[in-house]
Amino acid sequence: MKNLASIFGGVIIAAVFFSSCLKQSYSNPPDLSNYDPNLPVQVNIHDLVKPFWATNTHRVMGDTTITGVVVADDRTGNFYKQIIINDSSAGINIALSSSYLYSNYPIGRKVYVKLKGLTIMNYKNEVEVCASYDPITQKPVAIPSTLMDSCVIAASFPHTVVPREIRYIDILSYPDSLSFLLVKLDNMEVDSNYLHLPYAAPSTIAISTPRMIDQCINGVVLASGSLQLYNSGFANFYSDSLPSGTGSITGIFSRYGSGNQFQIRDTTDVQFYNARCK
Amino acid sequence: MTQKIGFKALVLFLTGFLVMSGRAMAQQTAKIKGRLVNSNSGDPIGGLTVFTRGTGLHTVSDSLGNFILGNVPYGITIVSINGDFVNATDITVSVDSPVLDLNTIRIYVGNVAFAEDATGIPTITESADGSGASENGEGAAVYAQGNNKGIKDFYAGTLTNLSIYDNYQPRGMRRNTREVEINGMPMNDAETGLASYAQMGSGGLGDVFRNHHSSYGLAPSDFTFGGLAGSIYYQATAADQRAGTQVTYTNSNRTYRNGVMVTENTGMMKNGWAFSASFSGRWAKEGYYPGTFYDGKAYYLAASKKLGKGILNLTTFGSPTVRGKTAAATMEAFSLAGTNYYNHNWGYQNGQIRNASVQDVFQPVTVINYDCRPSDRTKWNTALGYEFGKDMNSGLFSYNGSSNVIGDYYRNLPNYYYTMVPPDSIDGNAVKAYLKSHPQKMLLDWNSLYNSNYGNVQTINNVGGVAGKSVTGLQSIYVLSNRVSDLSKFSFNTALDHTVNQNIEVFGGVSYVVQNTEFYNQLSDLLGGNFFVDNNQFAPTTAVPNPNANYNNARDPNAVIKVGDKWDYDYSIRVNTASAWGQTKIAWHRFNIFLAAQVGNCAFYRDGYFQYGVFMNNSYGKSATHNFLTTGFKGGVDFNIDRKNVLFLNAGYTTTPPSFDNTYISAPTRDFVVSNPTVQTNRSLEAGYFYNTPKLKFGAVGYVNDETNVTTIQRFFNDDPSVYTFVNYVMQGIGTRSTGLEISLDGKIVNAFGFTASAFVGQSFFTTNPTSSMYLDNDTTLHPVPSQTYIKNYYLAVGPQSVYSAGLTYRPRKWNFAINGHYLDRNYVSINPNRRTQAAGGFYSAGSPQWHAIFDQEKLPSVFTMDLHTGYSWDMTRAITGVFKKVHHNTTMNVNLGIYNLLNNTNIINSGYEQLRFDFTNYQTARFANKYTYGMGTNYMLNVSFRF
C-alpha cells in the first residue's frame, strides 16, 4: 500500500511538474517601421543623375548618400528586381537582385541609398543604381540580395506618395527629368487596336507585352499622343482585360533606347472610366 | 469439453497442414521451467530474457519470476539468463525428460551496468541532428537486440554506437518494415508503417519499456508474422514491472542537458492488483546544435488485475515533447558560417534565440489487454488500443512563397554568382566578404520579419467570397505555421501461442486497424501582423486562367486567417488494415523448423475538406477507395550440428501495400493517384552459421533482400520562375536489392577481460531503371510525358554500408568498462533520380568530366570513431541501513557513463543528399549543391540511478 500511496503522490507531483511551463515565449520586436536613421544626405536625385543623361556612361561611386521614397515596388509582379525611388527633384531606378522587395521596401517607404562602392550607369537611357558594370555584357549587375540592406537602408514609413500630374507634351519636352518619376497623365485611353485584350500575354509566351495607349483631348485622339504601356507576363493582373474607357493613368515613365515607356504598379493606377473618344 | 474442442479447432484452423505434418515427427523436445529471484533479497525478478544458446528459443520471465521455455531439444543445453542490472547467468543442463524444472535460480542483481547501455534506451537513441530522433537511434537500438538466433549479444556492443548516423538502416531495410507492438497493440502507423520511438517517450520511459523481445530479419516471432526487418514486442503492463522505486538523473550534452525519471511499481500484490507509474522530464535550453532546444515530458500509468486465468491490463502513456530542429546545408554554407553545425532555422529576436522549425508532438496511447493462460501450454493475448493526438512541425511561411529570408537560400550565397554563366566573381566575392564579416546574416532576422509585417497595411475585399465584406489591417507577409498531422487510430489485435506437444508450437492471430489522419496547415504566429490571407500565390503563373485558381480553398475565397485557423490544405486519409497470420515451430531431431503465413487487406481513401481552386472537381470530398490484398510466406530451418555449432537458413516472400503518400500524387491538392497503384513484392533469403561456447561466440550471416514494384513520390518546391510551384516527382517500377555479410566475434580473454569484433558489409542498390513523371501542383495536365531514369546500380542512402568494429571489455566486480572503435565507410548520398536522365546530361558527352560530375554518386568520407562506456553498481543497503533505521528493500545505485566520439571528430558527415532541383539551363551540379548533416563531436550521457 505504501507503493500505491507513492504512485498517487507521484501523480500529483508530476501534474505540478507537467503544468510548469518551460515553453518559451517571445515578445514582439520594436516596431521600427517609422524609424528614420537620419543619415546625412549629400545630393538630391536630380543632381546625381543629371551628369548621366544622354551619355552612355557608368561610374563607381564614392561616399555619397541619397534619399527618396519608394514609388514603385514588385508587389504585383509588374516590376521585377527593382524599386523606383523619388525625391522632390527626380526619380531613379535601383536594381536589386531579389524578389519580394516589397516586404522591405514597399511603396511609401523612405530609404537611404549608400552609394559607396555601387555604380550608377546609363543603360540605354535608363539611369540606375546597380552593383557594377559588366564589361562583357555591357549591362548593369543588380545589387546582390545579401548586400541589399546594407546599402539600401529602410527608413520611415508610410509616406504618402503623390504622382506628379503632367501633360503628355511634358514627356516629349523633358524626357530625362521625368525619367523614373511617378507621374499621372490625364485623358488617356487604350488604343482601339488593343481593346479588350488582356494586360499582357502569359509569361510563358513573353516576359513583357507592349500595349499602346493614346491621348484623347476633347473627343479627338491625337495622332502623336501615343505611348507604350509595358506589362509583365508575371504580373498578377496579366490576364485582366484592358479597360475600354478614358481617364487618368498613373505610373512610372522611363526611356529605353530612343523609345518611351510607361509602367503601372497595379490596375488601380488605370482610371479609365469616362466614355471613350471613339 | 466442447469448449476445448472448439479451441483446438481454432488452433487447427490457424495452422492447418503444418500441425498435421508435425504430428508425424519424433518427440524429442522438452520444456524447461524455473523461477528467477534476486540472490540478495529473494524477490522475484520479471522481465529477464531466458534463452537457450544456439536454438533461437527464448522467453521472458513474468512478474513472479517464472518462465517456461518450450521446444528445447534433448541433450546438453546452456540456458542463459540476461537482462538489465543483472549478471548474465549461464546454466548448463541436461535435458532428458519432457519437463525439466530448474526451480529457483538466484540471479545476482546490480553488476552489469553495461547491460543498461547496450539495451537501455536512454543513452543511445538520440539521432545526431535530433530531427529523426526517434527513428534513427531506434534503428540501431533495436538492431542491437539482435535476432533470436543466439547472435544478439554479438550485435549489442557494435551498432548501438552508430547513433551518429541518423540515416543508418541495418541491411538497408527501411525502418517502417519492422513491426512494433506494445502489450499486443500494433504501434506501426497504418499509413507510413513507421512506429515512432517518440510514442514511447524517446527513452523518457525507459524504466517501464525495458522488457521486450524481438526478432531480426526473417526470424520467427511469437506474437506476429513480422516485417522484413523483424519485430519487437514491448511487454509493459503494470504486472510486468518489478516492485520498487527507481529515480534516475541524466546529464548530457546531446539534444538535452538534464533529465529526471521517477518510477514507482507495486508489483503484483496479494489482492491481485498491480499498479505502476513513471514520469520523466528532459530539457535543454540549447542542445548540442546551435538554436535547438528540448522540452520533453513523459508519463506512464498502468494497472493490472488478475482475472480468471489471466491478467487484465490497462496501460496509458504519452510524451508531450517540444523541440527545436536543425537543417542540412551545403558545404558553402558550413564554410561561410565557420561551423559544421550551422543551422539556418534560428536567429535572434530581441536578443533571444528563436527557432522557426519546432516539433510539438503529443500522441498518447492507451491499451487494454487481456493476457490469458487458458492452460500451461497456451498463451492468448488480446489487445484493444487507441492512439490519438497531433504531431505539429512549424515552419516559416511567406505570403508570396519566397524563402529569401533564409540565411542560406541559394540566391543569397556567393555560389549563386560563381555558378552563373559566365561566372560573376565580382559579386560572388563581394557577397562572400560581406557574409564573412556579418555572420548574423546567415541566421534568421526575426526583427526584420516583424518589421516587414508592421509595414504592410492592406485591404482584403470579398472576404470569404462575401461581396462587400472587406478587412483592413496589417496583413502578415511572414508567419509561423504548423504542418499538423492529427492522428486517431483504433486497433484490435489477438494472438495465440499454443504448445501442441514437445515438438510443436503453433501461433496465430488476427488484427484490425482503423486509422484516420487529418493533415492541415495551422497558423501559429502572425509575427506582429493582424491577419494572413489564404491565397495560392503560385497559381497565376502556371495554371490555365481559372477564376478560382488563386484560392487554396474555393469554398472560402480570400479567407482572412488568424492564429489557430487552418489554411493552405486540409484533408484526411482513412486507412483500414486487416490481417491474419499463422505460424508453427517444429523441433525435429537436430532441426528447428518454422513456417509462417499471413494474409491481409489494406484499404485507403482521401477525404478533402478544402476545394483547391486549380482542381475544383478533384479536391473536395471523398475519393475512391483503393484496396490492396497482401500475402506473406516465410519459413526457415536451424540445423544444430552439435550444441556449439548451428547452421540456419530462412526464406520469405511477402507483398506489402503501397503507402498512401506514394499513391496519391499530391494529396494536399487533389485526389489523383499514380497509374495502376500496386502492391510491392519482397523476396528475402538469409543464412548463417553460429559457434557458441561460454568463452567464444562467432557468427556469420549472409542475406539478400529484393524489393520490386515500388513507387515513390518526392515532393519539393521549385522556385525557378518558369515552374514556381511544388513539384511531385513520381517514380514507378523501382526495384532494390540489399545483400551482404555480417560477421561477429565475442570472446573472453582472461578473467574479466573480453573482446568483440564485427564486420557488416553490404550493398544496397537500385536494380531497375524506373520511369518518372513530374506533376506540378498548379498544372492540370493529367498525364505528363514520363521520362526514363537510369538509376540502376546506384546505391541507396542507408548509412554506411561497411561497418567494422572492435572493442575491449573489462568487467571486474561492480565495475564495467568497454572501449570500442568503429571504422565506417561507403556511406552514399541520396541521389536525385532526375539527374540520371538523358535530359540532365545536357550537351556533355558520356564519360567527360562534366558528365561524371552530373552522373556519379558521391561517397561520403570514411570515418573512424571511438566510444567509451563505463558503469558502476553499488549495493547500498548495508551502507544506508546505519543511517535510516528501516529499509524496505535493497537499495542499489548505478552509475553509467557513455562517451561517444572520443576523438572529438567534428568533421563526420553522417548524411548527405542531392538536391532535387537541377540546373537544366547550364548543367552545373554546383548550382544546387549537395546538402549534408554533421554528427556531434565528443558527446556523453551520464546516468545516475537509485533503485529501492
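Chain A is divided into domain 1 (45-154) and domain 2 (164-274), the bounds being those of an automatic or database domain assignment. The model is predicted: local features need pLDDT of at least 70 and side-chain atom pairs count only at pLDDT 80 or more, whereas totals for chains, interfaces and linings use all residues. Residues are numbered from 1 along each chain as its sequence is written, and chains are lettered from A and ligands numbered from 1 in the order in which they are written.

Taken over C-alpha atoms, the centres of domain 1 and domain 2 of chain A are separated by 23 Å. In chain A, 20 residues of domain 1 are in contact with 21 residues of domain 2, two residues being in contact if their C-beta atoms, placed from the backbone, lie within 7 Å. On the side of domain 1 of chain A that touches domain 2 of chain A, two or more residues each come from strands E2 (65-72), E3 (82-86), E4 (91-97) and E7 (126-130) of chain A; helices (H or I, at least four residues) and strands (E, at least two) are DSSP runs, numbered from the N terminus. The largest share of this side, three residues, is given by E4(A).

Val162(A) lies in the loop between strand E11 (152-154) and strand E12 (164-166) of chain A. Val162(A) is exposed, because 12 other C-beta atoms lie within 10 Å; a residue is exposed at 12 or fewer such atoms, buried at 20 or more, and partly exposed in between, with C-beta atoms placed from the backbone.

Chain B has 13 helices and 50 strands, and 55% of its 948 residues are buried. Between the chains, 47 residues of chain B are in contact with 39 residues of chain A. Among the elements of chain B that give two or more residues to this side are helix H8 (425-437) and helix H9 (446-454).

The end C-alpha atoms of H8(B) are 18 Å apart, which agrees with the 18 Å that its 13 residues should span at 1.5 Å a residue, the expected span being 1.5 Å times one less than the number of residues. Buried residues of H8(B) include Asp427(B), Val431(B) and Leu435(B). The buried residues of H8(B) pack against elements of both chains, including helix H3 (145-151) of chain A and helix H6 (331-337) of chain B.

H9(B) is mostly covered, with seven of its nine residues buried, among them Trp446(B), Leu449(B) and Tyr454(B). The cover over the buried residues of H9(B) includes strand E26 (471-474) and strand E27 (478-499) of chain B.
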